[in-house]
Amino acid sequence: MAAYFTHCNMQPVHMILTLRTALNLFFKLKNFKTAASFARRLLELGPKPEIAQQVAFLLFSWTASLTPTYVFPVCIIFSV
């Protein structure tokens with residue numbers, strides 16, 4: 001329900017509160033990809049500097065952990 005509520009048309013102050021709530025909920029559920037999406041949307045609204053700093057730090061740490069660290073080897077065989 002928290003994710004659906006973020007799509008309602010609200011004043012920016014209320015949207016910031018809604019996005020923070022959804023962000024915290026999805027973080028607790030360990031759904032980091034969706035939480036990162038909420039964090040990006042929250043930063044676009046321009047929250048207070050303290051909140052923006054916390055969210056930006058979390059977003060940076062999540063996106064760093066979401067990037068693949070293992071490169072799959074690819075073997076290409078040419079047949080003539």
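Reader: Is F27 buried, partly exposed or exposed, and at what relative accessible area?

Author: F27 is partly exposed, because its relative accessible area is 39% and that class runs between 20% and 50%. Keep in mind that this is a predicted model.

Reader: Then how confident is the prediction? What is the mean pLDDT of the protein chain?

Author: The mean pLDDT is 82. Of the residues, 78% reach 70 or more. By helix, confidence is highest in α2, at 92. Confidence is lowest in helix α4 (residues 49-66), at a mean of 82.

Reader: How many helices and strands does the protein chain have?

Author: Four helices and zero strands. Along the sequence the pattern reads α-α-α-α. The chain has 80 residues, and 25% of them count as buried. Its accessible surface is about 6500 Å². Carbon and sulfur atoms hold 66% of that surface.

Reader: Which residues of α2 are buried?

Author: Start with the general idea. An α-helix has 3.6 residues a turn, so residues three or four places apart point the same way. Now the case here. M15, I16, T18, L19, A22, L23 and F26 are buried in α2. Down the axis of α2, these buried residues fall within an arc of 165 degrees, so they line one face of the helix.

Reader: And which residues are exposed on the other side of α2?

Author: V13, L17 and K28. Take V13: its relative accessible area is 62%, so V13 counts as exposed. V13 also shows how sequence and space can part. V13 and P47 are 34 residues apart in sequence. Their C-alpha atoms are 8.3 Å apart in space.

Reader: How does α3 read, and which of its residues are buried?

Author: Helix α3 (residues 32-44) has 13 residues and reaches 18 Å, close to the 18 Å expected. Its buried residues are A35, A36, F38, A39 and L42. Seen down the axis of α3, they fall within an arc of 160 degrees, so they line one face. On the other side of α3, K33 and E44 are exposed.

Reader: What is the phi of K30?

Author: The general idea comes before the case. Most residues other than glycine have a negative phi. K30 is not glycine, yet its phi is positive, near 60 degrees. K30 sits in the loop between α2 and α3. K30 is exposed, with a relative accessible area of 64%. After α3 comes G46, whose phi is also positive, near 70 degrees.

Reader: How many aromatic pairs does a search of the whole structure find?

Author: Two. In one, the ring centres of F26 and F38 are 5.3 Å apart and the planes meet at 70 degrees, so the pair is edge-to-face. F26 lies in helix α2 and F38 in helix α3, so the pair ties together parts twelve residues apart in sequence. Both F26 and F38 are buried. In the other, the rings of F27 and F32 have centres 5.7 Å apart and planes at 55 degrees, so the pair is tilted.

Reader: How does F32 count, buried or exposed or partly exposed?

Author: Partly exposed, at 29% relative accessibility.

Conventions:
Residues numbered from 1 in each chain as written. Predicted model: local features only at pLDDT ≥ 70, side-chain atom pairs only at ≥ 80, totals over all residues. Heavy atoms only, no water. Buried < 20%, exposed > 50% of the residue type's maximum accessible area, 1.4 Å probe, protein only. Helix = DSSP H or I, 4+ residues; strand = E, 2+ residues; numbered from the N terminus. Arc of directions from axis to C-beta. Expected span 1.5 Å × (residues − 1). Areas by Shrake-Rupley, 256 points an atom, 1.4 Å probe, with all protein chains shown as cover. pLDDT = per-residue confidence, 0-100. Phe/Tyr/Trp six-rings, centres within 6.5 Å; stacked < 30°, edge-to-face > 60°.
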